[in-house]
Amino acid sequence: MSVSEEDLVHLERAVALAREAASAGDGAFGSVLVDAAGVERFADRNRETTLGDETRHPEFEIARWAATNLTAPERALAVVYTSGEHCPMCSAAHAWVGLGRIVYAASSAQISAWRADVGLPASAVAALPITAVAPGLVVDGPVDRFADELRSLIVGTATAP
Ligand code: ZN
């Protein structure tokens, strides 16, 4: 599936949440859950620093929220938009609760390369593609127009807006 104009609107929102996370000192990642009618139902951003819990990723929060608040058919038709490709923990959670398509702005491979370029250590968790963890998921990304801003946010060289 290709990335539509409507997809880009939701991705912009995910990137805005990533910006908010970076401003708060958290990892620069944001995600949005959109239902089959195109309505945003839940959104969050990384909160690992502010909450002192490295598992506080927005995609994981979305999976938990969806398990409680959506039916299985609603989950299957929902789309998750995220600024950075799901990590293995979040890919697994997404698949376990039966959520639908994922659209990401930056890939795990891009993010790993950006970190390595500026000498940051590799993540403690392998940067596997979503489909290496959950082969049945429908995934679109990366979307090049967001790459420069996300690179700056993630490796901490962003100039203040
Ligand atoms: Zn994650």
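Which helix does Val133 lie in? Val133 lies in helix H7, where helices (H or I, at least four residues) and strands (E, at least two) are DSSP runs, numbered from the N terminus.

## Before you start

This is a predicted model, in which local features need pLDDT of at least 70 and side-chain atom pairs count only at pLDDT 80 or more, while totals for chains, interfaces and linings use all residues. Residues are numbered from 1 along each chain as its sequence is written, and side-chain values use heavy atoms, with hydrogens and water left out.

With a relative accessible area of 28%, Val133 is partly exposed. Here buried means under 20% relative accessible area, exposed means over 50%, and partly exposed is in between (1.4 Å probe, protein chains only).

Leaving aside neighbours within four places in sequence, Val133 is in contact with Pro88, Ser91, Ala92 and Leu128; contact means heavy atoms within 4.5 Å. Val133 and Ser107 are 26 residues apart along the chain, and their C-alpha atoms are separated by 14 Å.

## The zinc site

Now look for the zinc ion. Three residues coordinate the zinc ion at 2.1 to 2.3 Å: His57 through ND1, Cys87 through SG and Cys90 through SG. Donors are N, O and S atoms within 2.8 Å of the metal (3.2 Å for Na, K and Ca); water is not among the atoms, so sites may look incomplete.

Along the sequence, the donor residues follow the spacing H-x29-C-x2-C. His57 sits in the loop between helix H2 (48-51) and helix H3 (58-69), and Cys87 in the loop between strand S3 (79-84) and helix H5 (88-96), so this pair ties together parts that are 30 residues apart in sequence. His57 counts as buried because its relative accessibility is 17%.

## The largest pocket

How much space lies in the largest pocket? About 710 Å³. To find pockets, a 1 Å grid is laid over the protein atoms alone: a cavity is a set of points where a 1.4 Å probe fits but cannot get out, a pocket is an open set with protein on both sides within 12 Å along at least five of seven lines, and lining residues have an atom within 4 Å of a point. Grid points are joined across faces, edges and corners, and a volume is the space filled by probe spheres set on the points.

The lining of the largest pocket has 26 residues, and Phe29, Asn46, His57, Cys87 and Ser123 lie nearest its centre. H2, H5, helix H6 (108-117) and helix H8 (147-155) are the elements that give two or more residues to this lining. H6 gives the most, with 4 residues. By class, the lining has 11 nonpolar, 10 polar and 5 charged residues. Ala, Val, Leu, Ile, Met, Phe, Trp, Tyr, Cys and Pro count as nonpolar, Asp, Glu, Lys and Arg as charged, and the others, Gly among them, as polar.

You can find Phe29 in the loop between H1 and strand S1 (30-34). Not counting residues up to four places away in sequence, Phe29 touches several residues, including Leu17, Asn46, Pro58, Ile111 and Ile154. Phe29 and His86 are 57 residues apart along the chain, with their C-alpha atoms separated by 9.8 Å.

In H5, the buried residues are Pro88, Cys90, Ser91, Ala93 and His94. Their cover includes H3, S3, strand S4 (102-106) and helix H7 (130-133). Just after H5, Gly98 takes a positive phi of about 75°.

H8 has its own buried residues: Ala147, Leu150, Leu153, Ile154 and Val155. These pack against H1, S3, S4 and H6. Just after H8, Gly156 takes a positive phi of about 75°.

Is Arg101 buried or exposed? Arg101 counts as buried, at 11% relative accessibility, and is found in the loop between H5 and S4. The side chains of Arg101 and Asp7 are joined by a polar contact of 2.9 Å. A polar contact is a pair of N or O atoms within 3.5 Å; within protein, one must be able to donate a hydrogen and the other to accept it, and residues adjacent in sequence count only if both atoms are side-chain atoms.

Finally, find Pro142 in the loop between strand S5 (139-140) and H8. The peptide bond from Gly141 to Pro142 is cis, with omega near -5°.
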